[in-house]
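Dear colleague,

Please find the structure below, handed over for your study. The notes after it set out what was found.

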Amino acid sequence: MILDKLSSSGCYENLHPLFGKIFNYLKNTDLQSLKPGKIRFPEDGFYINVDEVDLRPKSEAFLEAHDRYIDIQLPITHSETVGYRSREECSDVKSASEERDILFFNEPSESFFELKPGSFAIFFPQDAHAPIIGEGRTRKIVVKVPVAHV
């Protein structure tokens, strides 16, 4: 997992062949003006979900992980709390969808952090994470980056 400010994203662009293009888009786009929905980049294989969601209490936030995609998450309007636990410490699968590339776990988060607008978190397949914790409603971006880029 990586947690940093969007202004420092250049430090991570060499970690994946698509990160440079993705961070360039995120830094040069008026994120506040993006409407909820999916923005596809079919030539590169990644897509962006612009989500408008209700934040939830910690008790309703289950850890999740993905096998085929890396998540880059950025809140646009409000901070959110995110839970974390190493996926290797998660074995009690609550539910799974291969089609949606998501597993939910029954284990509790081991730690929590605040993800503020202007910051981002990168979750790799080994990172179980429980996002959108808090009160109120937020708009956020989740970039789905293929683990194996062709």
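A nonpolar core is a set of buried Ala, Val, Leu, Ile, Met, Phe, Trp, Tyr and Cys residues joined through side-chain atoms within 4.5 Å. Buried stands for a relative accessible area under 20%, exposed for one over 50%, and partly exposed for values in between, with a 1.4 Å probe and protein chains only.

The model is a predicted one, in which local features need pLDDT of at least 70 and side-chain atom pairs count only at pLDDT 80 or more, while totals for chains, interfaces and linings use all residues. Residues are numbered from 1 along each chain as its sequence is written, and side-chain values use heavy atoms, with hydrogens and water left out.

The nonpolar cores

The largest nonpolar core has 24 residues, and those that touch the most other members are Leu-26, Ile-72, Phe-120, Ile-122, Ile-141 and Val-143. At least two residues of this core come from each of helix H1 (19-27) and strands E3 (46-54), E5 (69-75), E10 (119-123) and E12 (137-146). Here helices (H or I, at least four residues) and strands (E, at least two) are DSSP runs, numbered from the N terminus. H1 gives the most to this core, namely four residues. A second, separate core holds nine residues, including Leu-103, Phe-105, Ala-130 and Ile-133. As general background, nonpolar side chains in soluble globular proteins tend to be buried together.

Which residues does Ile-141 contact, leaving aside its neighbours within four places in sequence? They are Leu-26, Leu-31, Leu-34, Ile-48, Asn-49, Val-50, Ile-72, Gln-73, Leu-74 and Ile-76; contact means heavy atoms within 4.5 Å.

Ile-2 is found in strand E1 (residues 2-5). Ile-2 counts as buried because its relative accessible area is 13%. Not counting residues up to four places away in sequence, Ile-2 touches Tyr-12, Leu-15, Phe-120, Ala-121, Ile-122 and Phe-124. From Ile-2 to Ile-141 there are 139 residues in sequence and 16 Å in space, C-alpha to C-alpha.

The largest pocket

A pocket is found on a 1 Å grid over the protein atoms alone: it is an open set of points where a 1.4 Å probe fits, with protein on both sides within 12 Å along at least five of seven lines, and its lining residues have an atom within 4 Å of a point. Grid points are joined across faces, edges and corners, and a volume is the space filled by probe spheres set on the points.

The largest pocket contains about 420 Å³ of space. It is lined by 18 residues, of which Asp-51, Glu-64, Arg-100, Ile-102 and Lys-144 are the closest to its centre. Two or more lining residues come from each of E3, E5, strand E8 (102-105), strand E11 (127-133) and E12. E3 provides the largest share of the lining, four residues. By class, the lining has seven nonpolar, three polar and eight charged residues. In this count Ala, Val, Leu, Ile, Met, Phe, Trp, Tyr, Cys and Pro are nonpolar, Asp, Glu, Lys and Arg are charged, and the others, Gly among them, are polar.

Individual residues

His-129 is placed in strand E11. With a relative accessible area of 0%, His-129 is buried. A polar atom of the His-129 side chain lies 3.0 Å from the backbone oxygen of Asp-127. Leaving aside neighbours within four places in sequence, the contacts of His-129 include Phe-62, Glu-64, Asp-71, Val-82 and Phe-123.

Ile-132 also has its place in strand E11. The phi of Ile-132 is near 50°, a positive value in a residue other than glycine. Asp-101, in the loop between strand E7 (93-97) and E8, likewise has a positive phi, near 55°. Most residues other than glycine have a negative phi. Ile-132 is buried at 15% relative accessibility, and Asp-101 is buried at 5%.

Leu-55 lies in the loop between E3 and strand E4 (63-65). Leu-55 is buried, at 11% relative accessible area. Leu-55 and Glu-80 are 25 residues apart in sequence and 7.4 Å apart in space, C-alpha to C-alpha.

With kind regards

Terms used:
A polar contact is a pair of N or O atoms within 3.5 Å; within protein, one must be able to donate a hydrogen and the other to accept it, and residues adjacent in sequence count only if both atoms are side-chain atoms.
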